[in-house]
Amino acid sequence: MSERVYFSNMAFSAYEADQTLPRKFARQLEASGLAERVKDKNIAIKIHVGAEIGYSTIPPVFMRVLAAFIKDHGGKPFFTDHYIDSRHPEHRGYTQESLGAPVLDVAGILGKYLYTKDVDFKGFKHVDVAGLINDADFLIDFSHVKGHGCCAYGGAVKNIAMGCVSDRTRREQHGLEGGLRWDASACTHCEACIGACNHQANSFNSKGDYEVNFHNCTLCQHCLKVCPAGAITLTGDSYLDFQKGLALCTKTVLDTFEPENIFYINLLISITAMCDCWGMTTPSLVPDIGLMSSWNLAAIEKASLDEIKFEKLNPEGVPEGIVLGDTGHLFQRLHGKDPYAQIKFLDEYGLGGGDYEFEMIK
Ligand code: SF4
Ligand code: SF4
């Protein structure tokens, strides 16, 4: 069954504020039926507050539109993310005064306000659901869409699975990444593997052990291929386990809400290669696309990925020296991982198959 995705693109025919994205967003909210569901509810709006000198997170004007809409219809909104204190959301304009709703740490200022749910997928055993997410009546998952080094794509799923949980849960999920196995007894420390990596993803630590930063690693296997000793091999499960872990974590967090009390918004502007947690902004990979919203997670994620087209690639969005792959989605060519794998795992966990139809909102 096709799920509805509300979509406002960037097109305009006159220099009128009414034709720009924040106003289209307001009309999208009106069309979505959100107004009838928020009255008297505590509404957690999960955002990514970014860090350092990044400037590609959600512009405050969109958050202000959303908070005003909810309050106009009797809801009580608050914005939330983790590490609020250390990431200084006020540097990106995220204050109660500018947004019209408070910005709160999702697990309390000490990061310890959590509700643990048990899961069982390889080394992933605990989903520590952040307290304010668990306690809220209604969740709006408001995501800035971008690439991601570990799972190729960072959108609505990543905003929940990495952002509504504890450090322990993030660590257990990242622990699923795997990908490359290094055999210390076979390695001659010739360092050919280091020279072969054009993603600065591998290194030897102070103990002489081979380490891979899977945020940067595209699983291109250059290191493996140049190794004269056969000391590097593939583990076989790799990033797909991480994608599955993200879906499982997302499902576990969402289970703390009634299904009709979850709404998704994806902002597709300033689509950079890497996640906002890097604390910087690189040139956009493609021209701005617009804004989508939906009551279905897999549908909005699939629709967002489909609109990010390789044919629209801005080469300046890719670091110099990086060689893109030949096939697949733009994020797959860039990061070496299939971003649609997330959709497949969402389907496995009953969060939708990804079929969608657009309702265009001008
Ligand atoms: S697989 Fe490719 S990106 Fe990853 S460490 Fe090896 S050479 Fe670097
Ligand atoms: S190329 Fe192989 S033998 Fe040489 S340092 Fe890397 S892992 Fe060790």
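Biologist: In which loop is Tyr83 found?

Modeller: Keep in mind that this is a predicted model. Tyr83 has a strand on one side of its loop and a helix on the other. So we're talking about the loop between strand E3 (76–81) and helix H3 (84–87).

Biologist: Is Tyr83 buried, exposed or partly exposed?

Modeller: Let's count C-beta neighbours inside 10 Å: Tyr83 has 17. Buried takes 20 or more, and exposed takes 12 or fewer. With 17, therefore, Tyr83 counts as partly exposed.

Biologist: And Lys112, is that one buried or exposed?

Modeller: Lys112 lies in the loop between strand E4 (103–105) and strand E5 (114–121). Only 12 or fewer neighbours make a residue exposed. Lys112 has 10 C-beta neighbours inside 10 Å, so the label is exposed.

Biologist: What is phi of His189 near?

Modeller: Most residues other than glycine have a negative phi. His189, though, has a positive value, and this residue isn't glycine. Its phi is near 60°.

Biologist: Which residues come nearest to ligand 2?

Modeller: The shell around ligand 2 divides into 10 nonpolar, 2 polar and 1 charged. Out of those 13 residues, the nearest are Cys187, Cys190, Cys193, Cys227 and Ala231.

How values were computed:
Residues are numbered from 1 along each chain as its sequence is written. Chains are lettered from A and ligands numbered from 1 in the order in which they are written. This is a predicted model: local features need pLDDT of at least 70, side-chain atom pairs count only at pLDDT 80 or more; totals for chains, interfaces and linings use all residues. A residue is near a molecule or strand if its C-beta atom, placed from the backbone, lies within 6 Å of it. Ala, Val, Leu, Ile, Met, Phe, Trp, Tyr, Cys and Pro count as nonpolar, Asp, Glu, Lys and Arg as charged, and the others, Gly among them, as polar. Helices (H or I, at least four residues) and strands (E, at least two) are DSSP runs, numbered from the N terminus.
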